[in-house]
Amino acid sequence: MSNIKIYISFDFEGLGGISQWDDVTKDNKDYKQKYAVIQLNALFEQLRDHEVVVSDSHDKGNNIPWEITNDYPNVKLISGGIRKYYMMSGIDESFDRMIFFGYHSGVGEIYSTMDHTYSSSSIHNIWINGKEMSETLINAAYGGIFNVPLAMVVGDDKLKMQLAPYFNKIYFIETKKSLGRYAAQFKPMKILLEEISSTTKLMLSKDKEYFEVFRFGKPVEMVVELSDTSKADMVESMPLVERIDGRKVKLVSDDYKTIFEGLLAITYICS
């Protein structure tokens, strides 16, 4: 098997064993970093022969311990924040494929564990070209700027359902069945780790051309509904942003990079 260059964007809420904000908050005594490391190890073991960049993209971006690279010298870790293109920092046209690891469903999905899209506190909803968004779709389209396809997603069952209309050829590893915003049914850890391992092997057996590059049609219109009117008051001062109503703003461009940068700016302003 030839060397493959792989970009991984890591999030926490979609992992097995996770159902509460305390589970993913580093300063909390119940913070479950160990669960993240165990599941990442199952992935990294299968990627030893390949060049890997992993972007720690949950909260402050300081969840994956640097020590993990002692066991995987082929893995480069992007950590910390605030940083440019946050969840997608470091991606470019040199990568062969993307993996989104620990991703969750978009905001508003019924019975979905810790559902949100980019900000659980500030953003009530996001639509692009009239479709409700998840972080997976938003970030996959950013990878599409560089012609990098999304090859594999590790996340909950509600995210799998949301992605079904958009992707025919991604490999999806279901980590849990979401039962509510703070409830989920977990499969045995051993089975999940075996599924991560075996599915990663299958994903690696496919050429880059097998996978689909995800893009939005032009022009790209993004509507963001914020949690309250004061946030919209702040955001409407941004260039190219149009105020629609009390809580909604709109940004339109033929350049998806402008849309993506606009969303990040909105998120940072309102956090």
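**From a loop into the core**

Mentor: Let's start with aspartate 59, which sits in the loop between β2 (51-56) and α2 (68-71); helices here are DSSP runs of H or I with at least four residues, strands are runs of E with at least two, and both are numbered from the N terminus. Aspartate 59 isn't a glycine, yet its phi is positive, about 55 degrees. Before going on, bear in mind that this is a predicted model, where local features need pLDDT of at least 70, side-chain atom pairs count only at pLDDT 80 or more, and totals for chains, interfaces and linings use all residues. Numbering runs from 1 along each chain as its sequence is written, and side-chain values use heavy atoms, leaving out hydrogens and water.

Asparagine 147 is another non-glycine with a positive phi, near 65 degrees. You'll find asparagine 147 in the loop between α3 and β7 (150-155). Its relative accessible area is 39%, so asparagine 147 is partly exposed (between buried, under 20%, and exposed, over 50%, using a 1.4 Å probe and protein chains only).

Now for the cis peptides. One runs from glycine 81 to isoleucine 82, with omega near 5 degrees, and isoleucine 82 belongs to the loop between β3 (75-78) and β4 (97-103). Another joins lysine 218 to proline 219, with omega about -5 degrees; proline 219 is in the loop between α5 (189-204) and β11 (220-226).

Next, follow α3 (residues 135-145) to where it packs on α7 (residues 256-270): the angle is about 140 degrees and the axes are 10 Å apart (axes are lines fitted to C-alpha atoms over the stretch in contact, and angles run from 0 to 180 degrees between N-to-C directions). That makes α3 and α7 oblique to each other, a label for what is left once angles under 35 degrees (roughly parallel), over 145 (roughly antiparallel) and 65 to 115 (roughly perpendicular) are taken out. α3 passes α7 in a left-handed crossing: the near helix is turned anticlockwise from the far one by less than a right angle, while clockwise would be right-handed. On the α3 side, Ile138, Asn139, Ala141, Tyr142 and Ile145 make the contact, meeting Tyr256, Lys257, Phe260 and Leu263 of α7 (contact means heavy atoms within 4.5 Å). Sorted by class, the α3 contact with α7 has 7 nonpolar, 1 polar and 1 charged residues; Ala, Val, Leu, Ile, Met, Phe, Trp, Tyr, Cys and Pro count as nonpolar, Asp, Glu, Lys and Arg as charged, and the others, Gly among them, as polar.

Several of those names come back in the largest nonpolar core, which has 49 residues; Ile91, Ile126, Ile128, Ile138, Val224, Tyr256 and Phe260 touch the most other members. A nonpolar core is a set of buried Ala, Val, Leu, Ile, Met, Phe, Trp, Tyr and Cys residues joined through side-chain atoms within 4.5 Å. α7 supplies the largest share of this core, 7 residues. A separate core has 34 residues, including Phe12, Leu15, Ala151 and Val154.

To finish, look at α1 (residues 33-46), which packs on α5 at about 30 degrees with 8 Å between the axes. This crossing is right-handed. Among the residues in contact are Tyr35, Ile38 and Leu43 of α1, with Leu192, Ile196 and Leu204 of α5. The α1 contact with α5 divides into 9 nonpolar, 4 polar and 1 charged residues.
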